Amino acid sequence: SQRRVHGGELVHVRFILPSAEARSITVNGGAVMPAWFDVLGFSPEDRQDSTGIAASSSAVVDLIEAEMAKGIRADRIVVGGFSQGGALALYTGLMRPGQPGVAALVSLSGFLPDHRTILAHRQGSPLDIPILLCHGSNDPLVRPDFARMTEEILRNHLKCESVELKLYHAGHEVHPQELQDVLAFLKKVLP
């Protein structure tokens, strides 16, 4: 039940948890696994799967618009995810200027994908959206410097004043304190 999932504190919140489809991942030797987009390298400077990122973002936008069609205002919707899901949440939320803005973005062990496209798309327009970035300080997959780079781009290039980066003594996983911090953030942005 919904009360059991989050201790009854967010009974007014509905969670929609989509799953990525299986696809071939280049950095894993072409192995097929659930993923929102292909990973071509582990450096922010590596070429990125812009087509796959945009296609998956479009699927998330469809979910947002379906909720809005049911009468849910965009400013009552938070988009978030873990790892690639967190990256996709950031990309989707940042690529919607001119559209009704969502309430907030949450990225757990994620990163800012295709950041050059986002910067060009936003063209210096200030970003007024709360963003919570949570990351394991020992993450061997999505290194903590990716989280710091994401925070730096959001703050300094996209002029987002409401971005918060929290680091946890953890790897590529969700730390129990992280869940408490996400709960507190959701209670703040969705009172």
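A: Two strands count as paired if DSSP finds at least two bridges between them; strands (E, at least two residues) and helices (H or I, at least four) are DSSP runs, numbered from the N terminus. The model is predicted, so local features need pLDDT of at least 70 and side-chain atom pairs count only at pLDDT 80 or more, while totals for chains, interfaces and linings use all residues. Residues are numbered from 1 along each chain as its sequence is written, and side-chain values use heavy atoms, with hydrogens and water left out.

By the pairing rule, β5 and β6 run parallel and are joined by six bridges. Within this pair, Leu-133 lies opposite Leu-165 of β6. The open sheet consists of four strands in the order β3-β4-β5-β6, with parallel pairing. Because β3 (78–82) and β6 (163–168) are at the edges with a single partner strand each, one side of each has no neighbour in the sheet. From one strand to the next the twist averages 10 degrees. Helix α3 (residues 84–94) packs on the sheet and touches β3, β4 (104–108) and β5, where contact means heavy atoms within 4.5 Å. The direction of α3 makes about 155 degrees with that of β4; axes are lines fitted to C-alpha atoms, for helices over the stretch in contact, and angles run from 0 to 180 degrees between N-to-C directions.

As for confidence, pLDDT is the predictor's confidence in each residue, from 0 to 100. The mean is highest in strand β5 (residues 131–136), at 98, and lowest in helix α1 (residues 2–5), at 42.
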